[in-house]
Amino acid sequence: MSRRFLFLLGSAREVGNTELLAREAAAQLPGEVEQRWIRLADHPLPDFVDLRHDSDHVRPSPDTPAGLLLDATLAATDIVIASPLYWYSVSSLTKRYLDYWSAWLRTPGVDFKATMAGRTLWGIAALADDEPSVADPYAGTLNNSAAYLRMRFGGVLLGNGSAPGDVHEDAEALARAKTFFAQDAPLARFPYEAVGAPLR
């Protein structure tokens with residue numbers, strides 16, 4: 001399968017530092033790699049309603065935000081969550097998108113968990129802090145989501161920036177962006193899973 005990258009922009013700001021960093025990383029991808037960019041704010045999802053134990057699950061229409069995002073997610077080999085660090089985790093727009101994964105797990109004809117297994121999840125985030133460990137909850141959210149679906153996880157590319165354009169002053173982040181997508185992404189594991197233990 002040829003690689004198809006889906007970049008999901010989760011910022012409430014257009015062309016913010018996270019998007020700038022994501023585009024720096026994406027510019028290094030080979031020309032034959034397909035890229036699709038979706039700004040989550042342009043396709044607002046309704047409040048998520050937990051209907052996991054109801055029986056009338058239907059696939060959302062492709063002309064709705066949920067249908068568009070489901071189809072784009074299923075078509076991608078690599079999903080890039082490009083969300084700034086908001087209160088030490090992903091943005092509300094991004095969290096709502098991830099919440100919809102719960103509904104898609106039960107959507108008829110999709111087999112979301114099996115379809116996503118083996119695909120790769122990546123994170124890119126700008127944060128207004130010099131200490132990268134404050135983004136551990138962000139990375140944990142993405143790693144554990146990938147682990148549940150038995151996806152690969154390429155980690156999180158972090159850059160420093162608060163005011164517009166600040167990330168262009170973060171030379172280390174820009175250097176990491178050059179090779180971020182070139183790395184091998186291992187299968188994601190929950191923290192309690194010992195290395196070498198069989199996958200459930």
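Predicted model: local features only at pLDDT ≥ 70, side-chain atom pairs only at ≥ 80, totals over all residues.
A residue counts as buried when its relative accessible area is under 20% and as exposed when that area is over 50%, with partly exposed residues in between. By that cut-off Arg39, at 15% relative accessibility, is buried, although its side chain takes part in a salt bridge with Asp42.

- Strand S4 spans residues 120–127, and because 8 of its 8 residues are buried, the strand is largely enclosed by the rest of the structure.
- In a regular strand the side chains alternate between the two faces of the sheet.
- In S4, Thr120, Trp122, Ile124 and Ala126 point one way while Leu121, Gly123, Ala125 and Leu127 point the other way, and the residues of both sets are all buried.
- Strand S3 (residues 78–82) runs parallel to S4 and is joined to it by 5 bridges, while strand S5 (residues 152–160) also pairs with S4 in the parallel sense, over 7 bridges.
- Ile124 has a partner in each of these strands, being the bridge partner of Ala82 and standing opposite Leu157 in S5.

**Salt bridges**

- The count of salt bridges comes to 9, and one of them links the side chains of Arg39 and Asp42 at 3.9 Å, N to O.
- Within that pair the buried Arg39 has 15% relative accessibility, whereas Asp42, at 49%, counts as partly exposed.
- Asp71 and Arg59 form another salt bridge, in which the closest N and O atoms are 2.8 Å apart; since Asp71 lies in helix H2 (residues 65–75) and Arg59 in the loop between strand S2 (34–39) and H2, the pair ties together parts that are 12 residues apart in sequence.
- Both members of this pair count as partly exposed, Asp71 at 30% relative accessibility and Arg59 at 40%.
- Glu172 and Arg176 also form a salt bridge, with their closest N and O atoms 3.9 Å apart, and because they are 4 residues apart in helix H6 (residues 171–179), about one helical turn separates them.
- Glu172 is exposed, with a relative accessible area of 60%, while Arg176 counts as partly exposed at 39% relative accessibility.
- Elsewhere, salt bridges that share partners join Glu19, Arg23, Arg39 and Asp42 into one network.

**Negative surface patch**

- Asp129, Asp130, Glu131 and Asp136 gather on the surface in a patch of negative charge, and of these Asp136 is found in helix H5, which covers residues 136–148.

Note on methods. Residues numbered from 1 in each chain as written. Heavy atoms only, no water. Patch = residues over 30% accessible without salt bridge, like charges linked within 9 Å, V, L, I, M, F, W, Y side chains within 5 Å. Areas by Shrake-Rupley, 256 points an atom, 1.4 Å probe, with all protein chains shown as cover. Salt bridge = Lys/Arg side-chain N within 4 Å of Asp/Glu carboxyl O. Lys, Arg positive; Asp, Glu negative; His and termini not counted. Charge placed at Lys NZ, Arg CZ, Asp CG, Glu CD. Helix = DSSP H or I, 4+ residues; strand = E, 2+ residues; numbered from the N terminus. Buried < 20%, exposed > 50% of the residue type's maximum accessible area, 1.4 Å probe, protein only. Pairing = 2+ DSSP bridges.
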